[in-house]
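Dear colleague,

Please find below the structure that I am handing over to you, together with its sequence. My findings follow directly after it.

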Amino acid sequence: MMTRQERALRNAVILLAVATLMLGGLLFWSLRAMSILKGEPADGESPDIASAGGQPVTDQAWVDELKKKYGNDVLLGMLNHIVVDKEAKALGVAVTDEEIEQELKRSMTGYGSEEQYYAQMQSELGLSRQEVREEAVYRLTLQAVATAGITITDAEIDNYLAENSERFTPRKEMQLSIIKVATYSEAERVMDRLEHGEEFAALAKELSIDEESRGRGGSIGTVEEEDPFWPEDLLKTAAQLDEGDIAGPLQTGDDYAIIRLEKMIDPKSQDQTEIREQVRRELALEQAAPLQQVESDLRAKYDTAIYIDNSLQD
């Protein structure tokens, strides 16, 4: 069984993979830019792209630094995309739009909303929705290639669901807003101001020390009632509120919080077909070779050749 913490760690790994893909695109553009842009300088020269204290940074110096720090991973990532695509076509493997949407939804676990997820991808990794989607397609295609020929029976899926029923039990969700301050006395003063009619969102923007939610007027989006990443007492208190009610001060580690329940969302049952397909894929992946090994084997199968640093070779 994969816990929510493990799923969150998986998402972090996914973000690293996406970041590597993005670096690949940037490096590729840097390497090609001088040869395709009109008005390029003479051979041996490189245009300045930045400066500091009167000292220029050339385009070539930037490219060299990127290659030195990220070149190995980026190049292997580009080769992996090529060979996985070739193998998928050879096997007749195709990823459906429905599978892609389900994978993206799983990647959004722990985020308040779809908009918040994509905003984070853009702000932290510089990735558009399309680029995030393309990386999801690659992950699913690689998994499909790795599990081709592995059969998971209905009985195996039934046994897994019986042993892990809690994993697929729908949980209530709450849309919450929060104001965090450093001390209990500060939190009491915030409560006094709220009781005198001041707006929660305005006070969050003015006083909250929670950087992520402050700009959204304290909104932290949707949280499950048993989310392990939030204090248990805070969630229990929130679950007892009526929509629009405020509670606090509540201790959250070294800080203190005032919360408001914006909306209580009744749990929705997951589609059983989707659940069974998810379990089938996970059980098949358990039997398959590690995905990194699959990539390595495919590079060998398709006669991958690297003409630079031999350390890239397997």
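I begin with a helix contact: in α2, the residues Leu76, Leu79, Asn80, Val83, Val84 and Glu87 meet Glu295, Leu298, Arg299 and Lys301 of α12. Sorted by class, this contact of α2 with α12 comprises five nonpolar, one polar and four charged residues. Please bear in mind throughout that the model is predicted. Helix α2 spans residues 59-91 and helix α12 residues 291-301; their axes lie 9 Å apart, and the two helices pack at an angle of about 75 degrees. Because angles of 65 to 115 degrees count as roughly perpendicular, that term applies to α2 and α12.

On the α3 side, the contact involves Asp97, Glu99, Ile100, Glu101, Glu103, Leu104 and Ser107, which meet Val132, Arg133, Ala136, Val137, Arg139 and Leu140 in α5. The classes represented in the contact of α3 with α5 are six nonpolar, one polar and six charged residues.

Turning to the strands, four of them make up an open sheet in the order β4-β3-β6-β5, with antiparallel pairing. From one strand to the next, the twist averages 40 degrees. Nine bridges join β3 (residues 173-181) to β6 in the antiparallel sense; in β6, Lys263 is the bridge partner of Gln175. Helix α8 (residues 200-207) packs on this sheet, where it touches β3, β5 and β6, and its direction makes about 45 degrees with that of β3.

Finally, there are two aromatic pairs in the structure. Tyr117 and Tyr118 form an edge-to-face pair, at 5.2 Å centre to centre and with 70 degrees between the planes. Both Tyr117 and Tyr118 are buried. The pair of Tyr184 and Tyr256 is likewise edge-to-face, with 5.7 Å centre to centre and 85 degrees between the planes. Since Tyr184 belongs to helix α7 (residues 184-195) and Tyr256 to strand β6 (residues 255-265), this pair ties together parts that are 72 residues apart in sequence. Tyr184 counts as partly exposed, at 41% relative accessibility, whereas Tyr256 counts as buried, at 19%.

With kind regards

How values were computed:
Residues numbered from 1 in each chain as written. Predicted model: local features only at pLDDT ≥ 70, side-chain atom pairs only at ≥ 80, totals over all residues. Heavy atoms only, no water. Phe/Tyr/Trp six-rings, centres within 6.5 Å; stacked < 30°, edge-to-face > 60°. Buried < 20%, exposed > 50% of the residue type's maximum accessible area, 1.4 Å probe, protein only. Helix = DSSP H or I, 4+ residues; strand = E, 2+ residues; numbered from the N terminus. Axes fitted to C-alpha atoms, helices over the stretch in contact; angles between N-to-C directions. Parallel < 35°, antiparallel > 145°, perpendicular 65-115°, else oblique. Contact = heavy atoms within 4.5 Å. Nonpolar A, V, L, I, M, F, W, Y, C, P; charged D, E, K, R; others polar. Pairing = 2+ DSSP bridges.
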